[in-house]
Amino acid sequence: MTSSAQQNKSLAGVKDIPSLDRVLKSDGFDPLLAVYGRTQVTVVLRRHLDTLRVSAIAGSLACDAVATDALACAVREQLAATNQPRLKPVYNLTGTVLHTNLGRALLPDEAVSAVVRALTTPANLEFDLGTGGRGDRDDLIESLLCELTGAEAATVVNNNAAAVLLMLNALSNRRETIVSRGELVEIGGAFRIPDVMQRAGARLVEVGTTNRTHAADYENAVGPRTAMLMKVHCSNYAVTGFTKSVSVDEVAGIARRHGLPTAVDLGSGTLVDLSQWGLPEETTVRETVKAGADLVTFSGDKLLGGPQAGLLVGSADLIRKIKKNPLKRALRVGKLTLAALEPVLAMYRAPEFLPQRLTTLRLMTRPQAAMQTQAQTLQRVFQRWLGDQYVAQPAPVFSQIGSGALPEDVLPSYGLRIAYAGPGRAGRHLARLEARLRALPQPVIGRINDDALWLDLRCLEEKDTDAFMAQLGGAPA
Ligand SMILES: *Cc1c(COP(=O)(O)O)cnc(C)c1O
C-alpha cells in the first residue's frame with residue numbers, strides 16, 4: 001500500500017472537522033464568496049459540515065473530506081447546481097414548430113434587440129412624445145395592426161384567452177352570446193369556450209348540432225337578451241363528413257339585421273396567405289374583418305410568429321368599449337411584449353421577405369432536402385453516441401405546425417428514426433433513451449411513435465447543427 005492510499009483509508013473524527021468561520025476565511029472560499037455571496041455560501045457550507053459530522057459519528061468520514069480543497073469543491077458543486085437556471089434552452093425535435101410546451105414562436109433578432117432596449121432604457125411606453133402628456137400603450141401598435149388587418153381599431157392583452165375573456169365580459173356580461181355547438185372547443189390547458197364564457201359573465205346560447213349548424217339556427221336564437229353572435233376557429237380538430245357550418249359573412253349578415261355585433265375567435269390568426277409558400281390555407285384576419293366580423297381575436301405567438309399576446313381588432317366603438325372595461329387593466333401587456341410585437345408586425349409590411357425574416361415561417365418553409373442533408377450528417381455522430389443497442393437511420397417524417405394551427409401532419413420533413421436493437425422490451429429502452437436525451441446539457445426533445453424515437457430536424461437550423469453535434473461528441477454517459 002502506498003502512503004497516500006493509506007491516508008485515504010484513514011478516518012476523521014468530529015474534532016477534525018474545521019469550524020465554519022475558519023473554512024470561510026480560507027483561500028479556497030474567496031472565489032465562491034465573490035460569485036455567490038456570503039449568505040448562500042454559509043448556508044450550503046453549514047449544511048455540508050453537518051452531514052460530515054453525521055458521517056464522523058458513524059465512523060465513516062474519510063480524512064480527505066475535511067481538507068479545505070475538498071470542502072470548497074463540494075460547496076461549489078452544490079451552489080452551481082442550485083443556481084442553474086430552471087428555464088433552459090432545449091432542442092425542439094418534436095416536429096411541432098409551434099410547440100406550446102416548448103414556448104411556441106421563436107422571435108427574430110429584431111424583436112429580441114427591441115426587448116433588450118426596452119428593458120435597459122426608459123421608453124415612451126405611456127408617454128405622448130408629441131404633447132408631452134400621458135399616452136396609451138396600445139398606440140404603439142394600433143395603427144400597425146389596423147394597416148395589416150383593415151380594421152378600424154385594435155388593442156392588445158396578455159394572450160388570446162384573455163382577449164376572448166375580455167371581449168365577452170365587455171360586450172356580453174349577463175347577456176347572451178350565440179355559438180354553434182360545432183365550435184364549443186377545448187383548446188388545451190383548460191381553455192374551454194363554455195367555461196371562459198361563464199367566467200366572463202356571458203350566457204352561452206348553443207345552436208345547431210356538433211356536425212351541422214344552419215343560418216336559421218342563429219336566426220332563431222336571437223332574442224331580446226342577445227349581445228352578440230360569435231364564431232370560434234376549430235383550431236385543433238376537424239369536423240368532416242356530413243357537416244355544415246355557417247360562414248362569417250352569413251353570421252355577420254344575420255347579426256347586422258338585428259343590430260348586433262359578430263365576434264370571431266380566430267385562434268392562430270394569420271396576417272398573410274400562407275398558401276403562397278406551399279403551406280395550408282388559413283383564413284387571414286383581414287379576410288375575416290372584410291367578411292363582416294366586428295371583432296376578431298387571435299394569438300401573438302402562434303402563426304403570427306411574435307411574443308405571447310392576444311390581439312383584438314375591430315370596429316372603433318367596440319374596441320373603445322373593450323378598452324374601458326376594468327379587466328383590460330388586469331390583462332394588459334408589459335413593455336417586453338409591445339417591444340417584441342412591433343418589429344414582428346412591421347415585418348408583415350414586406351411579406352415577400354417573411355420566409356427569411358420571420359423565424360417561425362423560416363422553419364415552416366424549410367425544404368425537406370435541407371433536413372435530409374442534416375439527417376445524413378448527424379446519423380454517424382448519433383450512432384456513436386447511442387452505442388450498439390440502438391440503430392439511428394435518416395428517415396422522412398411529417399412535421400406539424402402546432403398550436404392548433406392545423407390538426408393534421410402537413411409539412412414533409414426529414415429526421416432520424418432511432419430503433420432499439422438490443423435484448424428486452426423496446427418500449428422501456430426507448431423511454432430510457434428519451435430520458436438520456438432530456439438529461440443532456442441542452443436537452444433534446446423528440447417523440448416516440450411506431451416503436452421508434454423520432455427526431456425531426458425541421459427546427460434544428462444549420463447555424464445550430466455544430467453546437468448540437470458538439471454535445472453528442474463525447475462517449476455515451
Ligand atoms: C390558441 C387558441 C386560444 C388561446 O390562445 P392563447 O394565445 O394560447 O391564450 C383561443 N382560441 C382559439 C380558437 C385558439 O386556437
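This note goes through a predicted model in numbered points.

1. Basis. The model is predicted, so local features need pLDDT of at least 70 and side-chain atom pairs count only at pLDDT 80 or more, while totals for chains, interfaces and linings use all residues. Residues are numbered from 1 along each chain as its sequence is written, and side-chain values use heavy atoms, without hydrogens and water.

2. Helix pair α4/α5. Helices are DSSP runs of H or I with at least four residues, strands are runs of E with at least two, and both are numbered from the N terminus. The axes of α4 (residues 38–58) and α5 (residues 68–82) come within 10 Å and cross at roughly 120°. Axes are lines fitted to C-alpha atoms, for helices over the stretch in contact; angles run from 0 to 180 degrees between N-to-C directions. The two helices are therefore oblique to each other (under 35 degrees is roughly parallel, over 145 roughly antiparallel, 65 to 115 roughly perpendicular, the rest oblique).

3. Their contact (heavy atoms within 4.5 Å). From α4 the contact residues include Val-41, Val-44, Leu-45 and Leu-52; from α5 they include Leu-71, Val-75 and Leu-79. The contact divides into 9 nonpolar, 3 polar and 1 charged. Here Ala, Val, Leu, Ile, Met, Phe, Trp, Tyr, Cys and Pro count as nonpolar, Asp, Glu, Lys and Arg as charged, and the others, Gly among them, as polar.

4. Strand β8 (residues 262–267). In β8, 6 of the 6 residues are buried, so the strand is largely enclosed by the rest of the structure. Buried means under 20% relative accessible area, exposed over 50%, partly exposed in between (1.4 Å probe, protein chains only). Thr-262, Val-264 and Leu-266 cover one side; Ala-263, Asp-265 and Gly-267 cover the other. β7 (residues 226–232) runs parallel to β8, joined by 4 bridges. Strands pair if DSSP finds at least two bridges between them. Met-230 stands opposite Ala-263.

5. Asn-158. This residue sits in the loop between β2 (153–157) and α8 (160–172). Asn-158 is partly exposed, at 35% relative accessible area. Beyond four places in sequence, Asn-158 touches Gln-308, Ala-309, Gly-310, Leu-331 and Val-333.

6. Open sheet. Four strands, in the order β11-β12-β15-β14, pair antiparallel. β11 (390–399) and β14 (447–449) are the edges, each with a single partner strand, so one side of each has no neighbour in the sheet. Neighbouring strands are turned by 35° on average, direction ignored.

7. Helices on that sheet. α18 (residues 368–386) lies across β11, β12 and β15, at about 15° to β12. α19 (residues 426–438) touches β11, β12, β14 and β15, and its direction makes about 35° with that of β15.
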